[in-house]
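Student: I am new to this kind of picture, and I would like to learn how to read charged pairs in it. Could you take me through them step by step?

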Amino acid sequence: PVVREHDVIEPFESRCPLLFRILALIGLASTFAGCAGTGWYKLRPVGVSAFNTVEIEYYREDGEPKSRDFAHPAHVDIETLKRLLGELKYRDDSKTHVVVRPESVANLATQIAEGLARCDVCSRVRFQIQMPGRKLLFLRSATTTRGVAFVRPEGRLNLAFDAVDVYLSD
């Protein structure tokens with residue numbers, strides 16, 4: 001048989017060279033970002049309950065765990081942590097609100113203490129508290145409070161929040 005020029009199908013990469021190169025670059029970038037990126041990565045869950053999620057996350061640089069100079073594993077007294085979490089407050093529009101709702105304090109304190117005891121110098125505890133919020137007509141919302149816990153070498157417990165009682169709509 002005779003093969004005519006219009007019967008030959010060109011490979012995809014020769015028909016769309018720019019698109020092929022862009023897709024190849026995106027694929028390589030996502031592969032390297034996942035394998036050798038710098039930042040915090042979730043390692044393992046500590047506990048999940050009705051309202052709380054607590055996980056250990058670790059820091060890595062160029063794909064390798066890197067020390068953040070934490071004093072971990074750390075043993076934090078659960079009763080002290082309960083008291084601290086129960087006393088945290090923030091001010092919004094001249095009103096004072098609790099950061100951690102009373103129904104979440106005991107379980108969250110236990111899970112954070114357990115997580116800090118399981119951490120090493122490269123890891124910290126990430127926690128999230130999600131509570132049912134307001135219901136308007138047929139729309140529901142929830143509030144979330146998120147943060148991290150770690151202990152510095154001088155023995156000081158640090159709690160850092162990146163969201164406090166933020167409304168999330170369904």
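Tutor: A salt bridge is a side-chain nitrogen of Lys or Arg within 4 Å of a carboxyl oxygen of Asp or Glu. This is a predicted model, in which local features need pLDDT of at least 70 and side-chain atom pairs count only at pLDDT 80 or more, while totals for chains, interfaces and linings use all residues. Residues are numbered from 1 along each chain as its sequence is written, and side-chain values use heavy atoms, with hydrogens and water left out.

Student: How many salt bridges does a search of the whole structure find?

Tutor: Side chains of opposite charge can pair when their charged atoms come close. Here the search of the whole structure finds eight salt bridges, including one between lysine 82 and glutamate 79, at 3.3 Å from N to O.

Student: Where do lysine 82 and glutamate 79 lie?

Tutor: Both belong to helix H3 (residues 78-87), three residues apart, which is about one turn of the helix; helices (H or I, at least four residues) and strands (E, at least two) are DSSP runs, numbered from the N terminus.

Student: Are glutamate 57 and arginine 126 buried or exposed?

Tutor: Buried means under 20% relative accessible area, exposed over 50%, and partly exposed in between (1.4 Å probe, protein chains only). Glutamate 57 and arginine 126 are both buried, and their side chains meet in a salt bridge of 3.2 Å, N to O. Glutamate 57 lies in strand E2 (residues 52-61) and arginine 126 in strand E6 (residues 123-136), so the pair ties together parts 69 residues apart in sequence. By contrast, glutamate 79 counts as exposed at 51% relative accessibility.
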